[in-house]
Amino acid sequence: MNSGANAQVAAQVTREQHGDILLVSIDNPPVNALGVDVRRGLLEAIEAADADPAVKAVLIVGAGRNFIGGADIREFGKPPMAPALPDVCNRIEASTKPVIAAINGVALGGGLEVALSAHYRVALPTAKFGLPEVALGLLPGAGGTQRTPRLIGAQAALDLMLTGRHASAKEAERLGLVDRIVEGDDPVAVGLTYAQELLDAGAPVRRTRDAEALADRAAQSAVVEAARTDTAKKSRGLFSPLKIVDAVQGAIDLPFDDGLALERKLFIECLDSPQRAGLVHAFFAERETAKSPETRDAKPRAIASVGIVGGGTMGAGIAVAALDAGLPVTMIERDDEALARGRKNVEKVYDGMVKKGRMTEEGKTAVMARWSGSTAYDALANVDLVIEAVFEEMGVKKAVFAELDRVCKQGAVLATNTSYLDINEIADSVSRPQDVIGLHFFSPANIMKLLEIVVPAKVANDVVATAFELAKKLKKTPVRAGVCDGFIGNRVLAVYGQAAQYMMEDGASPWQIDKALRDFGYPMGPFQVSDLAGGDIGWATRKRRAATRNPEARYVQIADRIAERGWFGQKTGRGYYLYPEGARIGTPDPEVDAIIDAERERAGVTPRSFTDEEIVRRYLAAMINEGANVVHQGIALRPLDVDVTFVHGYGFPRYRGGPMKYADSVGLPKILADIREFAKEDPIFWQPSPLLVELVEKGADFASLNQIK
Ligand code: 3H9
């Protein structure tokens, strides 16, 4: 390999002649996103190669760990800058010299589209391929919807585009996305060898636009139709999935250039949709919440083993999350029977996976080998981190922490999974408050992504950093929260839950409220969620809070009337709804209607009708207002932390970005006006948050507070 003249095309794309081959290297950390300079650089490189007789082939590689992570997501929503990516891809494909992409790390979205515009693709074994635009409310907009089906057929192309999943190099080779996998860790070396081999063999320019995978048009159309029916059923309010299907139909029906024009039109529709704005906000917000001020300078403590106190649903779910991350887990329970139950709770999860074919018996055995249990706290003497998940009662928690203080080694992180209790009080009850932190998992803990990391007053920064590191290991989405009753999520939930109760007493049925919120994008409405989680939990909380409740505040007793009857939801066969014979979807219950009627009468309420729109407005106004309070009081660092909490822990539709992003899209003056209007009936409940008032007075929005503090 002889190296020729160096030329700097643009800061982010370099050209280097290697014999007959022009090496074009994209260097735009962290993921070589296709920002305007990269697009310009790529275009200039291809122009230069075509014009230079010394260049016989072009090799495109990504510098660093990845090929290309896609279009630069930060550019979406801003004025477009030429050259557009589809034009760059078309120009690459039109090159008169063979263009080869050598792929390491990820080739995602626009990154894969660049690769598909090249004439040959060689991958390193660690490469990953995907068209994840759907997760951003988009569709592949640089030829991906036209080239992918031509290369690998409509079925496989739709699967990649509709799921957004990443395919391994092996799968990509099997599908026909790449020509060859070559062992190695240097895409330049692999690519140059492959390119030389192609040149030596006289390999021609080979364009995906001419590929023939779509020859059987009738069969391909049938695939698309089936995908359309399935997508219409499953995409629940999402805008871009059906547009993807339309674009792929275009790939079958239309000549290539017309298909590209259709793709462009559909892409712009997606780009301009509020869903794209919501999903892109969610993308960046999730990455921001993973950084907290404490993690900037502090180094996390090493976590090689985990202890869990309590083997109930929560403890077992946390154990599974830790085991799945490869950590050994020691579970503590009060007696042998409870410990056996705890182990069973863990095994049940894996048995379910084995049954579904997602795990082998051997796999389960290997995972369970990392599980150990004991009834003696001393078994935790050497673990690096303990998570307590016992009964939600201060006395019980303190007793557990006293034991942990006694047995755990110095430097061990002591975490509580409390959802409401004062973690400062727990921390102050031990001799090492600097090691105590809140790790609030959501049920089922092995599935739900949200992890509230609750930061008490005396905790050391490196313990906070450790918690964030643990979240990464467990593949959770962490959000930093301050100490208060309910932290971010449950505190705000308590308020909008109340708004739902008020609307129920005022005339809306649980069924109507649930439906209005499902139509807004929630997978389930609040009464369905209560029936699923178990009405006994909320009932216990209400009883606990009864003594401190403002006697002047409105209190709806319907939920208590239902709970008193032992109707705790699905697990008891009835709650707000009826669940005959273990049904998972409830049906309205005339006896609950009678309870509601009686309670309205008792409270002197004359029921009125609500529109679905009003239900959503009130529910969201309550949520946004308390979200603003939580930010105002520093419980959440920024509005985006509230957004991530509700998207990942409470079913808020991700495509709306989160409640605070939604508030910005509606306009804060309108939200405040609503609250002031509602306050005319109930000034105690509807007190505008000082932060909301301040922002409206300044003409600012929540987004203005989303910078890292
Ligand atoms: C597209 O391509 C449209 C085209 O079809 C058509 C166009 C016309 N842009 O996730 P990480 C940042 S749509 C800008 O923590 P990891 C990210 O914000 C795009 N920035 O790392 C973070 O910044 P910071 C299709 C991006 O190793 C940093 O990189 N592509 C982009 O866990 C590290 O990210 C996608 O949807 C981007 N495209 O995972 C891929 N990607 O450090 C989206 C990342 O300041 N990206 N950043 O917080 C991913 O899935 C993951 O980031 C990836 C790396 C797997 C690449």
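**View 1. Asn 32, a buried residue in the predicted model.** Asn 32 has a relative accessible area of 2% and is therefore classed as buried, the limit for that class being under 20%. The residue belongs to the loop between β3 and α1.

**View 2. The cis peptide bond between Pro 29 and Pro 30.** The bond that leads from Pro 29 to Pro 30 has an omega near 5° and is cis. Pro 30 is placed in the loop between β3 (21–26) and α1 (36–51). Asn 32, described above, is likewise found in the loop between β3 and α1.

**View 3. The cis peptide bond between Ala 82 and Pro 83.** Omega is about 0° for the bond joining Ala 82 and Pro 83, which is cis. The loop between β4 (57–62) and α2 (85–94) contains Pro 83.

**View 4. Arg 236, a residue with positive phi.** Although Arg 236 is not a glycine, its phi is positive, at about 35°.

**View 5. Buried and exposed faces of helix α14.** Helix α14 spans residues 361–368, and its residues Lys 364, Val 367 and Met 368 are buried. Viewed down the axis of α14, the buried residues fall within an arc of 95°, so they line one face of the helix. An α-helix has 3.6 residues a turn, so residues three or four places apart point the same way. Glu 362 and Thr 365 are exposed residues on the face of α14 turned away from the buried side. The packing partners of the buried residues of α14 are α12 (313–324), α13 (336–355) and β13 (371–374).

**View 6. An open mixed sheet of 8 strands.** The strands follow the order β13-β12-β11-β14-β15-β16-β17-β18, and the pairing is mixed. The edges are taken by β13 and β18 (477–482), each with a single partner strand, so one side of each has no neighbour in the sheet. On average, neighbouring strands of this sheet are turned by 25° against each other, direction ignored.

**View 7. The pairing of β12 with β13 and the helices packed on the sheet.** Strand β12 (residues 329–332) pairs with β13 in the parallel sense over 4 bridges. Within this pairing, Thr 330 has Ser 372 of β13 as its bridge partner. Helix α13 lies across β12 and β13 and runs at about 160° to β13. Helix α25 (residues 639–649) also packs on the sheet, where it touches β17 (450–455) and β18. The direction of α25 makes about 125° with that of β18.

**View 8. The surroundings of Asp 435.** Asp 435 is located in the loop between α16 (423–428) and β16 (436–441). A relative accessible area of 2% places Asp 435 among the buried residues. When residues up to four places away in sequence are not counted, Asp 435 touches Arg 301, Gly 411, Ala 412, Val 413, Leu 414 and Val 463.

Notes: Residues numbered from 1 in each chain as written. Predicted model: local features only at pLDDT ≥ 70, side-chain atom pairs only at ≥ 80, totals over all residues. Heavy atoms only, no water. Helix = DSSP H or I, 4+ residues; strand = E, 2+ residues; numbered from the N terminus. Buried < 20%, exposed > 50% of the residue type's maximum accessible area, 1.4 Å probe, protein only. Arc of directions from axis to C-beta. Contact = heavy atoms within 4.5 Å. Pairing = 2+ DSSP bridges. Axes fitted to C-alpha atoms, helices over the stretch in contact; angles between N-to-C directions.
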